[in-house]
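Please examine the sequence and the three-dimensional structure shown below.

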Amino acid sequence: MSARSSAVTRERFMQRHVIVSQERKKEGRKTRSKETIMKLNEKSVAHYATCNSPPDKTGFLFKKGERNTAYHRRWFILKGNMLFYFEERESREPIGVIVLEGCTVELCESESEEFAFAVKFDCVKARVYKMAAENQAAMESWVKALSRASFDYMRLVVKELERQLEEVQEEARSSQAKNKPKKHQPQVQGATFSLQNAAITGPSQEGVSSRENGVSWSKPTSVPNGVSEGCVWEGDFCGRGDGVKPPPVPPRRKTNGGSPESPVSPGTGCFSKLHEWYGKEVAELRIEWMQSK
Amino acid sequence: MRFNEKELVFLSRQPPERAAELGMRGPKKGDVVKRRVVKLIVNFLFYFRTDEDEPIGALLLEQCRVEREDDQVFSIVFLDEAERKYLFECDSQEQCVEWIDAIVKASYEFMRKNLIYYRTEIHRLTGTDPLEQYGISDETRFQVNTGLPPAAT
């Protein structure tokens, strides 16, 4: 192609491109054309699957194909809120990944497979990922693990423990002051813990996220009854020679009274209620399953 | 590698932890700074053209390092490809610091470390495992050591 004609072709292409995007802007369309796939840092995501951090769960599962209805045996690795699947256990790279946010896990009836369950998402026209385990125990274990895999769930647990630790430290400080060291009374079973800054997902905030300056991380002087029965705790954690520093405190988010509840999580800010919800769901499904057999 | 794109796009519409219009430059040689709307949601950083509702792309914020490049500029680098930097230009030093802080804390693994620390500390101070009352003390994701449940006492 001569230089001139390729220049003309290019110019025509650019004109066409400009016309198309102007037309779409006129239509007020804010979505991109259907052909464009959203980018993802896939290489690094795949690296996360196989890097040295320990996975949360691994095992073989049968996964129903996207186009055809056959179930294929795949090796699965669950890490955080990412469920990776590989063709073989030895494969170096995953075939794919399922991001586990805003999903529910349900047992399901399958004509061809026993021990089947499905991962379902909230969004419109979402895919349903059908999977089957090799036995009852594996199915229950996977359902449990997957339903607690979301970032939001982890965040909730962390917040709850952060709050508990502050309470405990506060009590340790005040009992020191009174010169009466005593063992902290464990929380009453079944008490309702409402998270102080109850936002499962923080509201959109530009501007200062308040840092937690109020909490002092200084180690309390030895609490007489604080030595644990399970030495595995002391040994494992304090054994690290790097002078274990507490991790930086996640910033507290200021809420304006009624904080919006995230649509990707069941609607409750109370940790113990939320946890009950997860547990109840699994228990109910289990009963359903048993009855259907 | 396949991924559930539709669900990710849906996720990008949830209330973000943090959102702003920043200058963003990709890691490829020849990439230039472009204005993008950047949203931090769970452990993903979504980026949008300023006039579009659907994200152009997402970065999973695991196994990455965030660094201050300049007064108002920070970078994200993924550990498996440390030479490739994503650059972000902020409008102020304060904004830059806040974004760095937010992104560091946005990883699942960071939260897990926090959790393990709190769990261990509470146990050390009280003699009780705080997760026991919720019946989740055996979950691998909450374990102190390398993914194995602690030895039965």
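## Aromatic pairs

Over all chains of this predicted model, a search of the whole structure finds 11 aromatic pairs. Rings of Phe, Tyr and Trp (its six-membered ring) count as a pair if their centres lie within 6.5 Å; planes under 30 degrees apart are stacked, over 60 edge-to-face, and the rest tilted. One of the pairs joins A:Phe60 and A:Trp75 in an edge-to-face arrangement, at 4.9 Å centre to centre and with 65 degrees between the planes. This pair links distant parts of the chain, since A:Phe60 belongs to strand β2 (residues 57-64) of chain A and A:Trp75 to strand β3 (residues 71-79) of chain A, 15 residues apart. Helices (H or I, at least four residues) and strands (E, at least two) are DSSP runs, numbered from the N terminus. A:Phe60 is partly exposed, with a relative accessible area of 25%, whereas A:Trp75 is buried at 9%. Buried denotes under 20% relative accessible area, exposed over 50%, and partly exposed in between (1.4 Å probe, protein chains only).

The rings of A:Phe76 and A:Tyr85 form a tilted pair, because their planes stand at 35 degrees, with the centres 5.8 Å apart. A:Phe76 is buried at 0% relative accessibility, and A:Tyr85 is buried at 2%. Together with A:Trp142, A:Phe76 and A:Tyr85 make up one aromatic cluster.

## Charges over rings

A charge is taken to sit over a ring if NZ of Lys or CZ of Arg is within 6 Å of the ring centre and within 35 degrees of the ring normal. In chain A, A:Lys79 lies over the face of A:Tyr48, at 5.5 Å from the ring centre. In chain B, the charged end of B:Lys39 is placed over the ring of B:Phe48, 4.9 Å from its centre.

## Basis of the values

Residues are numbered from 1 along each chain as its sequence is written, and chains are lettered from A and ligands numbered from 1 in the order in which they are written. In this predicted model, local features need pLDDT of at least 70 and side-chain atom pairs count only at pLDDT 80 or more, while totals for chains, interfaces and linings use all residues; side-chain values use heavy atoms, with hydrogens and water left out.

Chain B has 3 helices and 8 strands, which follow the pattern β-α-β-β-β-β-β-β-β-α-α along the sequence. Of its 153 residues, 59% count as buried.

An open sheet of 8 strands runs in the order β1(A)-β5(B)-β4(B)-β3(B)-β2(B)-β8(B)-β7(B)-β6(B), with mixed pairing. β1 (39-40) of chain A and β6 (64-68) of chain B stand at the edges with a single partner strand each, so one side of each has no neighbour in the sheet. Two strands pair if DSSP finds at least two bridges between them. β1(A) and β5(B) run parallel and are joined by 2 bridges, and A:Leu40 stands opposite B:Ala58 in β5(B). Strand β5 (residues 57-60) of chain B also pairs with strand β4 (residues 44-49) of chain B, in the antiparallel sense over 4 bridges. Within β5(B), B:Gly57 is the bridge partner of B:Tyr47, and B:Leu60 stands opposite B:Phe44. Both faces of β5(B) are covered: B:Gly57 and B:Leu59 on one side, and B:Ala58 and B:Leu60 on the other, are all buried.

## Strand β7 of chain A

Strand β7 (residues 116-121) of chain A is largely enclosed by the rest of the structure, because 5 of its 6 residues are buried. Strand β6 (residues 103-107) of chain A runs antiparallel to β7(A) and is joined to it by 5 bridges; A:Cys103 stands opposite A:Phe121. β7(A) also pairs with strand β8 (residues 129-132) of chain A in the antiparallel sense over 4 bridges, where A:Tyr129 is the bridge partner of A:Val119.

## B:Asn4 and its contacts with chain A

B:Asn4 occupies the loop between β1 (2-3) and α1 (5-11) of chain B and is buried, with a relative accessible area of 1%. Its side chain reaches the backbone nitrogen of A:Val99 at 2.9 Å. Neighbours within four places in sequence aside, B:Asn4 is in contact (heavy atoms within 4.5 Å) with A:Val97, A:Ile98, A:Val99, A:Phe121 and A:Tyr129.

Key. Polar contact = N/O pair within 3.5 Å; in protein donor to acceptor, adjacent residues only side chain to side chain.
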